[in-house]
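Hello,

Here is the structure I promised to pass on. Please open it first, then read my notes below.

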Amino acid sequence: MKQGAGPHLRRNLTGLAVVSVVYLAVAMFVTNSYYQLILTLVPVWALFGVSWNILSGYGGQLSFGHASFFGIGAYTVTLSVIYWGLSPWLGIPLGMIIGGLAAIAIGFPTFRLRGHYFALSMLAYPLAILYVMQYLGFQEVSMPMHRENGLRFMEFNEPRIYTLIAILLLVGGVVVSLIIENSRFGLALLAIRQNELAAEAAGINARLWKMRSLVVSGMMGAVAGGFYARVLLVVTPDSVFGMLVSAQAVVVTLFGGVASVWGPVIGAAILVPLAETLQAELGTYLPGIQGVVYGIAIIAIMLLSPDGLFWTVRDRWFRREAPQPIPDVEPDAMPLPAFKRRVSTGAAGPLLQVESLSRAFGGLRAVSEVSFSVTEGEILGIIGPNGAGKTTLFNVLNGVLTADEGSARLDGQPMLGKKTFEVCRMGVGRTFQVVRSFPRLPVLDNVIVGAYGAGLSDREAIAQAARALHQVGLHDRSGVAAGQLTNKQLRLMELARALAGNPRLLLLDETLAGLGREECDDVLDVLARVRAQGMTICIIEHTMHAMMRLADRFVVLDHGRVLATGLPRTVVEDTSVIEAYLGKKWLARRNA
Amino acid sequence: MDLEILVENVLNAVTAGITIGCIYGLMCIGLGLIFGIMRIVNFAQGELLMLGMFASFYLVSEGRVLSFLGPYWGPFIGAMCAAPLLFTGGALLHKFLISRVSGLRTVGSLDEGHFGQLVVTLGISLILQNGGQILFGSTPVAVRTPLSSEAFLIGPVYHGATVFLNKAKLVAFFVAVLAAVVLYVTLEYTRLGKALRAAADNPTAATYMGIDVDRAYRIAFGLGCGITAVAGGLMATYISFTPFVGFDYVIIMYSGVVLGGMGSIFGAFWGGVTVGFVQQFSALILPPQLQNAAIFVVFLMIVLLRPQGLFGRSAERA
């Protein structure tokens with residue numbers, strides 16, 4: 001569990017219990033069978049929304065095709081009753097398994113896509129299945145009745161029992177969602193949603209977490225669909241694989257509040273009765289009124305409060321209590337995380353050895369046969385004019401880009417060809433030219449992402465993150481959302497996130513960019529301290545005076561090639577370096 | 001004998017592929033403007049196609065404004081008349097809704113506003129589909145022209161193999177190609193076209209160059225809607241449709257635009273032609289019910305197999 005998860009969970013679970021009991025109590029007094037049906041459908045759609053929320057809310061992978069899972073659950077339950085006489089009590093878990101497998105089959109190719117391409121591709125699956133179902137002759141399948149054996153076939157004369165089961169299923173879904181929200185699972189998803197590249201660079205295996213969230217989500221969606229089929233008794237491809245089904249998950253969640261476990265519940269509680277009642281009252285004259293209501297609701301919420309009701313209400317009327325600051329102990333007093341100590345394998349070789357590394361974009365040789373090495377405990381400054389290939393070099397080193405040729409070894413281990421998060425786990429921390437934070441997460445969580453990325457347990461991760469924040473001097477800001485930090489603080493936070501993964505080598509990309517002189521000095525002090533603790537650093541920087549103070553050695557890049565290497569003094573005197581930076585004319589005048 | 005049937009089927013698939021493909025091409029140009037060039041993810045493009053169909057249907061049906069044109073000319077002129085209607089509708093849609101989640105407002109935001117666009121256009125799509133059901137009913141209708149049941153016969157080309165050219169599709173094909181050419185020339189060579197492309201390509205820079213970007217966007221979005229609507233009107237002469245017809249085609253449109261390469265009008269057209277071809281050839285081997293499923297599979301293959309650069313993957317700067 002995350003820092004501060006205990007009380008948060010307790011509060012939410014209490015709320016959940018109270019809401020369910022009240023809901024059931026109200027449901028017991030409703031006798032109109034149509035309203036009873038609505039009372040059963042609200043939790044079903046809420047559950048489906050919760051399922052969608054896990055993938056698309058927390059993880060930010062917008063899916064327009066969640067009907068795939070809903071429909072798979074519905075058809076599994078119905079067909080297994082028809083063909084095998086299987087009880088829905090077993091059919092629903094079976095649907096859950098098939099839903100999970102479908103999630104793997106769908107996620108495997110589709111997670112190669114991002115953003116709107118992902119959303120559109122997800123749409124294609126349920127629609128394709130829809131046509132296949134029609135082709136297979138399952139246009140309209142009804143659930144056979146088993147009067148004599150009602151309990152076994154989840155068949156009750158008392159409709160309120162369905163409401164009870166629906167609520168129990170929803171409670172199950174909400175609990176799963178709460179657990180995810182309060183664990184490294186949820187933090188990883190939030191980090192991926194806010195900045196996937198930064199999450200990868202902090203050691204988070206984005207692909208894996210996204211896949212996990214899709215599987216959980218698919219299983220939950222199948223449960224909702226399976227139970228829906230049992231309640232409605234008739235399944236048609238359109239009613240379970242159709243666009244309106246996918247849309248309903250999107251709409252209730254976005255309306256209620258995205259990335260909050262309560263969002264889908266609130267959304268369903270408002271929209272489902274509204275749409276169903278309108279459909280019942282006006283459906284004869286206005287046959288599509290349900291869809292129109294959902295359409296209007298979603299446009300309105302997107303334009304007026306894009307995060308949904310829950311967040312808007314909470315931000316306006318319930319100012320969140322100040323988050324607890326992290327335990328303010330001296331970092332040395334905290335238990336040292338049990339890292340697998342990365343023992344140096346090569347005897348006295350350099351920590352980082354880069355040999356004739358090249359990377360081209362089309363005809364442009366951004367990095368061309370670059371070789372250099374970094375010894376343990378050293379600060380290597382990488383300088384060069386704009387477009388010299390410095391950032392590309394870092395991107396190749398930490399796996400954001402692939403190399404065309406050459407090799408790079410960290411303590412003898414090859415780095416190239418690995419994924420970004422794997423390079424991070426080898427012990428390479430990275431910061432970015434433009435700060436990549438997770439703006440809506442508190443500073444501490446931002447840094448914990450780095451510690452989780454290194455595979456630490458929850459307790460250790462918190463301690464490690466606190467230590468890293470102390471190291472950079474941000475510990476008093478740990479509860480603030482990263483979006484509220486100043487530029488300097490963001491730079492330090494990014495540094496802390498990299499440090500939290502206990503790296504052996506830091507790749508810092510223009511950490512001082514955009515800082516004033518004094519701020520610059522503060523950051524330099526922090527870097528000096530980090531280095532004094534034995535860290536090895538590669539830093540890209542433009543500010544020459546800072547680099548002269550900080551770096552032990554320079555590598556100068558120009559047009560992708562290494563122009564010079566050596567001690568700062570010698571390098572700045574080098575004529576080719578001066579020429580690259582200041583031009584031939586300047587050099588000629590100086591020599592005159 | 002078998003060979004004869006095969007030859008006949010293949011030849012007919014080729015001709016149908018060309019005629020239907022070009023109509024798809026026109027339809028894809030509409031989305032190409034909106035998605036390919038302006039980079040607005042419009043989920044409701046299929047519904048605009050549907051509105052084009054119904055616009056044409058209501059214009060030329062018996063007793064309506066354009067019914068005096070008769071069953072031969074009427075449907076095709078009706079299809080073209082759908083353009084100004086949907087252009088206006090599209091421009092209004094952009095002014096009141098789309099502009100709030102796209103263009104200058106979302107420059108520099110993390111996902112360029114795609115999330116908001118997807119959600120808002122999903123809402124528009126739901127309203128148009130279901131609202132369409134309220135207004136137009138859900139019984140399939142078609143724009144009737146005697147041409148749709150007449151065909152030119154070519155051949156026999158190989159023993160008994162004959163090529164059938166449906167007259168409605170043939171006329172629709174010519175109209176589609178004509179519309180595509182006119183549009184292409186307008187966008188490539190006129191001042192308006194240049195302003196539109198500049199605004200779409202880099203809204204901030206275009207603003208500094210004195211282009212009214214909001215207006216340019218509105219026009220471009222309206223054009224995209226109008227063009228797709230013309231294609232819809234043309235299709236209405238040979239298929240029957242309901243307000244829910246859009247979904248089958250929105251996927252075809254995205255396939256075409258992505259396949260043809262983002263940002264190119266010409267590419268979008270050829271993408272549409274290709275998808276039309278694939279669809280007609282899939283009809284040779286697949287049962288009719290699965291043809292639509294095949295389109296989705298084709299779409300998935302296209303987005304998955306295209307080189308990464310086009311898809312916003314790894315294109316971000318670290």
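What percentage of the 592 residues of chain A count as buried? The figure is 54%. A residue is buried if 20 or more other C-beta atoms, placed from the backbone, lie within 10 Å of its own.

Some ground rules. This is a predicted model, where local features need pLDDT of at least 70, side-chain atom pairs count only at pLDDT 80 or more, and totals for chains, interfaces and linings use all residues. Residues are numbered from 1 along each chain as its sequence is written, while chains are lettered from A and ligands numbered from 1 in the order in which they are written.

Chain A

Chain A has 24 helices and 12 strands. These are DSSP runs, numbered from the N terminus: helices are H or I with at least four residues, strands are E with at least two. The C-alpha atoms fill a box of roughly 100 × 50 × 45 Å along the principal axes.

The domain assignment gives domain 1 (9-242) and domain 2 (348-437 + 504-591). Such bounds come from an automatic or database assignment. The C-alpha centres of the two domains of chain A lie 49 Å apart. Their contact takes nine residues from domain 1 and eight residues from domain 2. Two residues are in contact if their C-beta atoms, placed from the backbone, lie within 7 Å.

Where the chains meet

In chain B, 40 residues are in contact with 41 residues of chain A. H4(B) gives the largest share of the chain B side, 16 residues. By class, that side has 25 nonpolar, 11 polar and four charged residues. Ala, Val, Leu, Ile, Met, Phe, Trp, Tyr, Cys and Pro count as nonpolar; Asp, Glu, Lys and Arg as charged; the others, Gly among them, as polar.

A helix pair in chain B

Look at H5 (residues 167-189) and H8 (residues 213-235) of chain B. Their axes come within 10 Å and cross at roughly 170°. The axes are lines fitted to C-alpha atoms over the stretch in contact, and angles run from 0 to 180 degrees between N-to-C directions. H5(B) is therefore roughly antiparallel to H8(B), a label for angles over 145 degrees. Among the residues making the contact are Ala176(B) of H5(B) and Ile227(B) of H8(B). The contact has nine nonpolar, no polar and no charged residues.

Best wishes

Conventions
A residue is buried if 20 or more other C-beta atoms lie within 10 Å of its own, exposed if 12 or fewer, and partly exposed in between; C-beta atoms are placed from the backbone. Angles under 35 degrees count as roughly parallel, over 145 as roughly antiparallel, 65 to 115 as roughly perpendicular and the rest as oblique.
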